[in-house]
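Please read it with the sequence and the structure in view.

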Amino acid sequence: MATIATAADAPLKDMDEWDDFLTGRYKAGKTEEEFRQYDEQATPGGAGIYRQNHKYQTFDYEKAKQKEYFGLNKGEKSIWEAAEFLNTLVDDSDPDTDLTQIEHLLQTSEAIRKDGHPRWFVLTGFIHDLGKVLCLWGEPQWGVVGDTFPVGCAYSDQIVFPEYFKANPDYNNPLYQTKYGIYEPNCGLDKVHMSFGHDGYIGEVMKNYLPEESLYMLRYHSFYAAHRHGAYRHLMSNHDVEMFEWVNKFNPYDLYSKGHTKPDLKQLKPYYDDLFAEFFPAKIAW
Ligand SMILES: [Fe+2]
Ligand SMILES: [Fe+2]
């Protein structure tokens, strides 16, 4: 089994710590003011990953990573193979209590299924974090998880820990620090470069297979500044705003579906075999 990023600057003992940070931050019923207070008292791991993420996610970094990964040249895998591959990413310090990656995916998708949503929505729940396989290809945690945000224009103060952007080289590039930066007003998010991470990557992997609503959920599920705090409307088209209703619909399942009972993979497998066969060929490019 592989452990996650052992590099000296890796701030998290595992990636679930970031998910736990988000769950704490967006605990149901919290006010905006309480979000801020939570950020200030955040766990060192939560703050640490943002410090690096905000420092290193430049416009040029995003462009280079997009070039490296969006050609989908990492080989072919079935959905189960990708999920099992992701599952090799474990927290060695506490292997018994943490949910595996597959269990997080199943808890998300099963909560969606229980609420009677369409099958593509259930499927979206299962695949939404498969992009974290980027970690297994050597990408650092700060380049895989963490809130995403547009690069190439001014940072919103609605992004968690905005003060950390002062360490980003783009912060001193006047071209990138106006409200619109390199973009046109309401140009639409498909023209906007987002910081690189597991969201954009999985959206790219799935773009030929799933409906647009699903692709929005995948691509923007970590874009908290927009979907939770309403930032960046000046870059979004009317169509984006409509589609973000789906992103909002998805978010509670991602944040709050962590239950105490582990999903029974063996019992659930036939349902998911059918679901995958409905949308995908046997293997897809990653
Ligand atoms: Fe995610
Ligand atoms: Fe997730």
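Two residues are in contact if their C-beta atoms, placed from the backbone, lie within 7 Å. With that cut-off, the buried residues of helix 7 pack against helix 5, helix 6, helix 8, helix 9, helix 11 (238-256) and helix 12. The model is predicted. The protein chain has 12 helices and four strands, and 41% of its 286 residues count as buried. Among contacts in the chain with a separation of 6 or more, 78% are between residues 24 or more positions apart.

- Seven of the nine residues of helix 7 are buried, and the helix is mostly covered.
- These buried residues are Phe-121, Val-122, Leu-123, Thr-124, Gly-125, Phe-126 and Ile-127.
- Helix 6 (residues 101-114) packs with helix 7 (residues 119-127) at an angle of about 165°, and their axes are 7 Å apart.
- Helix 6 is therefore roughly antiparallel to helix 7, as angles over 145 degrees count as roughly antiparallel.
- The crossing of these two helices is right-handed.
- On the helix 6 side, the contact is made by Leu-105, Leu-106, Thr-108, Ser-109, Ile-112 and Arg-113.
- On the helix 7 side, Phe-121, Val-122, Gly-125 and Phe-126 take part.
- The contact of helix 6 with helix 7 holds six nonpolar, three polar and one charged residues.

**Helix 5 and helix 6**

- Helix 5 (residues 79-87) packs with helix 6 at an angle of about 125°, with the axes 7 Å apart.
- That angle makes helix 5 oblique to helix 6.
- Ala-83, Leu-86 and Asn-87 of helix 5 meet Gln-101, Ile-102 and Leu-105 of helix 6.
- By class, the contact of helix 5 with helix 6 has four nonpolar, two polar and no charged residues.
- Leu-105 takes part in the contact with helix 5 and also in the contact with helix 7.

**Helix 8**

- Nine of the nine residues of helix 8 (residues 198-206) are buried, so this helix is largely enclosed by the rest of the structure.
- The buried residues of helix 8 include the charged Asp-199 and Glu-204, along with His-198, Gly-200, Tyr-201, Ile-202, Gly-203, Val-205 and Met-206.
- They pack against helix 4 (59-69), helix 7, helix 9 (212-220) and strand 4 (284-285).

**Loop residues with positive phi**

- Most residues other than glycine have a negative phi.
- Phe-161 has a positive phi, near 50°, and lies in the loop between helix 7 and helix 8.
- Phe-161 counts as partly exposed because it has 18 C-beta neighbours inside 10 Å.
- Tyr-232 also has a positive phi, near 65°, and its place is in the loop between helix 10 (224-227) and helix 11.
- Tyr-232 counts as buried because it has 20 C-beta neighbours inside 10 Å, and a residue with 20 or more is buried.

**Lys-283**

- Lys-283 is found in the loop between helix 12 (265-279) and strand 4.
- With 13 other C-beta atoms within 10 Å, Lys-283 is partly exposed.
- Lys-283 and Ile-79 are 204 residues apart along the chain, and their C-alpha atoms are separated by 7.3 Å.
- Apart from neighbours within four places in sequence, Lys-283 is in contact with Glu-76, Lys-77 and Ser-78.

Notes: Residues are numbered from 1 along each chain as its sequence is written. Chains are lettered from A and ligands numbered from 1 in the order in which they are written. This is a predicted model: local features need pLDDT of at least 70, side-chain atom pairs count only at pLDDT 80 or more; totals for chains, interfaces and linings use all residues. Axes are lines fitted to C-alpha atoms, for helices over the stretch in contact, and angles run from 0 to 180 degrees between N-to-C directions. Angles under 35 degrees count as roughly parallel, over 145 as roughly antiparallel, 65 to 115 as roughly perpendicular and the rest as oblique. A crossing is left-handed if the near helix is turned anticlockwise from the far one by less than a right angle, and right-handed if clockwise. A residue is buried if 20 or more other C-beta atoms lie within 10 Å of its own, exposed if 12 or fewer, and partly exposed in between; C-beta atoms are placed from the backbone.
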